[in-house]
Amino acid sequence: RGTATPDSDVDVAIGLQPGATYSARDVGDLIADLEQATGRRVDLVVVGGSAIEFYTEKKVVITRWPAA
């Protein structure tokens with residue numbers, strides 16, 4: 001979109017295989033690793049399992065379950 005600035009964050013989406021599990025600590029560690037690697041704040045979307053979760057500042061802010 002051409003709207004990035006030096007202060008922009010990085011948006012990352014990861015897909016999980018069906019049945020994969022992860023903990024809040026796993027998510028926090030992944031975000032910390034990505035932030036260290038990029039030198040920017042990272043927002044993370046996890047797609048897979050039973051829900052779609054959006055993390056910002058290492059906290060879940062949105063959880064959405066696909067329609068059954």
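**Nonpolar core.** I looked up the largest nonpolar core in this predicted model and found 6 residues: Val27, Ile31, Val42, Leu44, Val46 and Tyr55. I took a nonpolar core as a set of buried Ala, Val, Leu, Ile, Met, Phe, Trp, Tyr and Cys residues joined through side-chain atoms within 4.5 Å. For accessibility I used relative accessible area: buried is under 20%, exposed is over 50%, and partly exposed lies in between (1.4 Å probe, protein chains only). Both α1 and β2 supply at least two residues of this core, and β2 gives the largest share, 3 residues. In soluble globular proteins, nonpolar side chains tend to be buried together.

**Ground rules.** I number residues from 1 along each chain as its sequence is written. Local features need pLDDT of at least 70 and side-chain atom pairs count only at pLDDT 80 or more, while totals for chains, interfaces and linings use all residues; side-chain values use heavy atoms, with hydrogens and water left out.

**Fold.** I counted 1 helix and 4 strands, in the order β-α-β-β-β along the sequence. These are DSSP runs numbered from the N terminus (helices H or I, at least four residues; strands E, at least two). Of the 68 residues in the chain, 19% are buried.

**Contacts.** I used heavy atoms within 4.5 Å as the contact criterion. Among contacts with a separation of 6 or more, 45% join residues 24 or more positions apart. I then checked Val42, leaving aside neighbours within four places in sequence: Val42 is in contact with Val10, Val12, Ile31, Leu34 and Glu35.

**Salt bridges.** I searched the whole structure and found 3 salt bridges, each a side-chain nitrogen of Lys or Arg within 4 Å of a carboxyl oxygen of Asp or Glu.

Asp9 pairs with Arg41, the closest N and O atoms being 3.4 Å apart. This pair links distant parts of the chain, 32 residues apart: Asp9 is in the segment before β1 (10-15), and Arg41 is in the loop between α1 (24-38) and β2 (42-48). Asp9 is partly exposed at 26%, and Arg41 is partly exposed at 37%.

Arg41 also forms a salt bridge with Asp43, with closest N and O atoms 3.0 Å apart. Shared partners join Asp9, Arg41 and Asp43 into one network. Is Asp43 buried or exposed? I find Asp43 buried, at 8% relative accessible area.

Arg25 forms a salt bridge with Asp29, the closest N and O atoms being 3.8 Å apart. Both lie in helix α1, 4 residues apart, about one turn of the helix. Arg25 is exposed at 64%, whereas Asp29 is partly exposed at 38%.

I looked up the largest pocket and noted a volume of about 150 Å³. The search used a 1 Å grid over the protein atoms alone; a pocket is an open set of points where a 1.4 Å probe fits, with protein on both sides within 12 Å along at least five of seven lines, and lining residues have an atom within 4 Å of a point. Points are joined across faces, edges and corners, and the volume is the space filled by probe spheres set on them. Which residues line the largest pocket? I listed Arg1, Gly2, Thr3, Ala4, Ser8, Asp9 and Asp11. The lining divides into 1 nonpolar, 3 polar and 3 charged.

**Gln17.** I placed Gln17 in the loop between β1 and α1. Gln17 is exposed at 63% relative accessibility.

Note on methods. Ala, Val, Leu, Ile, Met, Phe, Trp, Tyr, Cys and Pro count as nonpolar, Asp, Glu, Lys and Arg as charged, and the others, Gly among them, as polar.
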